[in-house]
Each structure stands twice: as structure tokens, then as C-alpha cells.
Amino acid sequence: MTEFNGLGEVSGKRVLVRSDLNVPLDSGRITDDGRIRASVPTIRALADAGARVIVTAHLGRPKGEPDPAYSLAPVAARLGELLGAPVAFATDTVGASAQETVAALRDGQVALLENVRFNAGETSKDDVERGAFADRLAGLADAFVSDGFGVVHRKQASVYDVAQRLPHAMGGLVAAEVAVLRRLTVDPERPYVVVLGGSKVSDKLGVIDNLLGKADRLLIGGGMVFTFLKADGHEVGKSLLEEDQLDTVRAYQARAKELGVEIVLPTDIVVADSFGDEASARVVAADAIPADTLGLDIGPASGKAFAAALADARTVFWNGPMGVFEQPAFAEGTRAVAEALTGVAGLSVVGGGDSAAAVRTLGFDEAAFGHISTGGGASLEYLEGKELPGITVLED
């Protein structure tokens, strides 16, 4: 292969690839390399085509200046292992090390630049400052490939502005993500079931609002469920609650009834006396949560009910765990949903973020799911109907 997604001949060209390598680290050790593995196919395809591949990415939220805690050095080592070839590492983003590293590349070789967010221009809201940084990034390359789906909802220099300055193409990962999300929003196969969890209703308002007119069933778990239970007049104890969203939730419930969309809430909850208190974990009815406890997972009966509600689905989108899955006592609700998704006959989509992490943490085979997204925030914004700057800039 010598051509890549409309860029023409790439052999001998310097190709800047925006990947999403924002992986969790523990004392410099990568604890989940899912995003790195997802980035490998596009990088390898370009290298195999003879391109001189320059990868740029971010890690964490440094404050626009170098911070050793957020260095991509461990990622460079892991990327090289996965590619089966050394990955040169530049110790800055656009400075002397980056220029020297890129100049030393030969056809088919790969380099990774240091954390792009070490430069304040990357995330600047000022078009001029962001553009000036994009000029320096673009100056390292002859073409640009956007393959970091987890950041395409951000109008940032390495995502948006660079694409305006170089011949550009969509990478395989981004193309696959967009194709799957279109299947969720344009004439989805039915029944269409959406499973939402995670901590806050406010994080999912746009998705609920947009999908109420498209989904057949909406299953609600995680911390956000307690706002729904409170809206129905139930005690939720010390559970996570967004009082300011109660009227919004009631409005959604009324609208769902009008549209014939079934909202399924848990009937039992795993509660504890305090967060992380596995010793006191017990199951109570969802309408009888003791005032001195907090809910940390959906209960076993709810897990079975959610699985039953997914059994005949032909399209499923899941975003957000059902409980604090990192702790065994509060992981079974999330496990039940994940298990049910592996049996979906049609399209099952795990919507990135904590849901994707849960699938891997709980030991599921990723191949058992139709698609595991690499970008939770980008997926949600797409399903809200928002334009994603990193996608629209490529569509010219």
C-alpha cells in the first residue's frame, strides 16, 4: 500500500498523526493500554506504506507547560512494543528535540512527540495563539491524519487547526467510530436500547434529550439513577443526587411516556454505610433506601431485569457503569450489563470512558462486543447531535 485515504502517495512523506494515547498511569506504569492498541493499526498502515510517521498526542491535563508526571515516555515504549519496532521519542513538542527527531526519521519509521498539552497553544481559546502553535506543528510534516477520536470534540491545535494547514485525511480509527455512531443515529435497527450510567444526570442530559425520540428503551443505572428515584419521590439517603435536575428528569419521564419510550429503573440497590465500605454492603429495595446509607450499585434483581430488557435488542449503546465497578462488592451490576451486551444479536456499542475500562477490568473479551469506543465524551456529544470540530474540519 502506498496511498492512504485520499492523501495519495505517502512513501517518503512526513505524516503527522493525531492519536489518542491518553492512558491511565500508576507511578509511570500504564494500567490500561486499550487506547494505544486502538491507535496501532493506522500508525502501522502508514509506516508500512513508507511514510515517516510523527505521532502527536496528549496525556492528562498539564497546565500548558512540561510536567514529568504527564510525560508520554512510557507510552512511546509501549507503542514500540506493540508495533514491533523502535519508536523514537522527542522530549518536546515542536522544539529542538522534535525537529531533530523528525529529521532523523527514515521511510517506515515512527516517532512520538512529547505531550502536546505541554504547550499552552494546544488548548488555547485564542485563535491566534492556537494557530501559532499549529503552524509549528504543521511545519514538521507534509500531511496530517486525524486518528484520535477521543479528542475530535475539541477545537484544539493538533485536532482542528493543523488540519487547516496540511493535506489531511481521516484515520481508520476515527472513520470506524463515526461509521458506528451513524448507525446509532440514522435508522437504527430495532429494538434500540440505550443504557446510561455513571455519576451525574447532568453529564447525560443532551444524550437523553436527543435519544428520547430515537430509542425504544432507556435503562438508567449508576449514580445518576438516584436523581431519577428522588424525582419519583423516593428516599435516596446519602447517595449522589443532583437536586437541580429533578424537574428536568420529571420532564424527561413525562416526554418518554408521551413518545412510548420505556424508562427502566432499578428495583433494588446495593447500599453501604460509606463510600468504599464493602463490609457493610447489602441489598435494599430501590424505594426503601435507608437515610443513613448511600447507593453504590444496582442490585441483583435489577441486573437480571436489565439483562432481560437487552435480550431482544438489535441495537444497544451503553455509556457509564452501573456502580463502583472498581470494588468487587459494587461491580455486579456493571458485570450483568456487560454480559448481556455480549449476547446482543445486532450492534452493541460500549461508549468509551469508564464503560470501556469496566469491560477490560472485569475481564471480558473485547471481541465479544460489536464496538468499543475510544472516546466517551466525543461519543456522547455526537449522540447529542452536536458538531464535532475535529470531524467537520476534515469534511471538505
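Let's begin with a quick one: in which kind of crossing, left-handed or right-handed, does H10 pass H11? Keep in mind that what you see is a predicted model. Okay, the crossing of H10 past H11 is right-handed.

Now some numbers for that pair. Two packed helices are described by the angle between their axes and the distance between the axes. Here, H10 covers residues 300-310 and H11 covers residues 332-342. Their axes are 9 Å apart, and the packing angle is about 20 degrees. Angles under 35 degrees count as roughly parallel, and H10 and H11 are therefore roughly parallel to each other.

Who's touching whom? On the H10 side we have Gly 303, Phe 306, Ala 307 and Leu 310, and they meet Ala 336, Val 337, Ala 340 and Leu 341 of H11. Sort the residues of that contact and you get 7 nonpolar, 1 polar and no charged.

Okay, next pair: H1, residues 34-48, and H2, residues 73-83. The axes of H1 and H2 come within 10 Å, and they cross at roughly 60 degrees. That makes H1 oblique to H2. The crossing of H1 past H2 is right-handed.

From H1, the contact uses Ile 36, Arg 37, Val 40, Ile 43 and Arg 44, while H2 brings Val 75, Arg 78, Leu 79, Leu 82 and Leu 83.

Now let's zoom in on one residue, His 58. You'll find His 58 in the loop between strand S4, residues 52-56, and H2. Is His 58 buried or exposed? Its relative accessible area is 3%, and buried means under 20%, so His 58 is buried. If we skip residues up to four places away in sequence, His 58 touches Arg 18, Asp 20, Leu 21, Asn 22, Leu 72, Asn 115, Val 116, Arg 117 and Val 151.

Last stop: aromatic rings. A pair of aromatic rings is described by the distance of the centres and the angle of the planes. The count here comes to 1 aromatic pair. That pair is Phe 364 with Phe 369, with 6.1 Å centre to centre and 70 degrees between the planes, making an edge-to-face arrangement. Both Phe 364 and Phe 369 are buried.

Definitions and conventions: Residues are numbered from 1 along each chain as its sequence is written. This is a predicted model: local features need pLDDT of at least 70, side-chain atom pairs count only at pLDDT 80 or more; totals for chains, interfaces and linings use all residues. Side-chain values use heavy atoms; hydrogens and water are left out. Axes are lines fitted to C-alpha atoms, for helices over the stretch in contact, and angles run from 0 to 180 degrees between N-to-C directions. Helices (H or I, at least four residues) and strands (E, at least two) are DSSP runs, numbered from the N terminus. Angles under 35 degrees count as roughly parallel, over 145 as roughly antiparallel, 65 to 115 as roughly perpendicular and the rest as oblique. A crossing is left-handed if the near helix is turned anticlockwise from the far one by less than a right angle, and right-handed if clockwise. Contact means heavy atoms within 4.5 Å. Ala, Val, Leu, Ile, Met, Phe, Trp, Tyr, Cys and Pro count as nonpolar, Asp, Glu, Lys and Arg as charged, and the others, Gly among them, as polar. Rings of Phe, Tyr and Trp (its six-membered ring) pair if their centres lie within 6.5 Å; planes under 30 degrees apart count as stacked, over 60 as edge-to-face and the rest as tilted. Buried means under 20% relative accessible area, exposed over 50%, partly exposed in between (1.4 Å probe, protein chains only).
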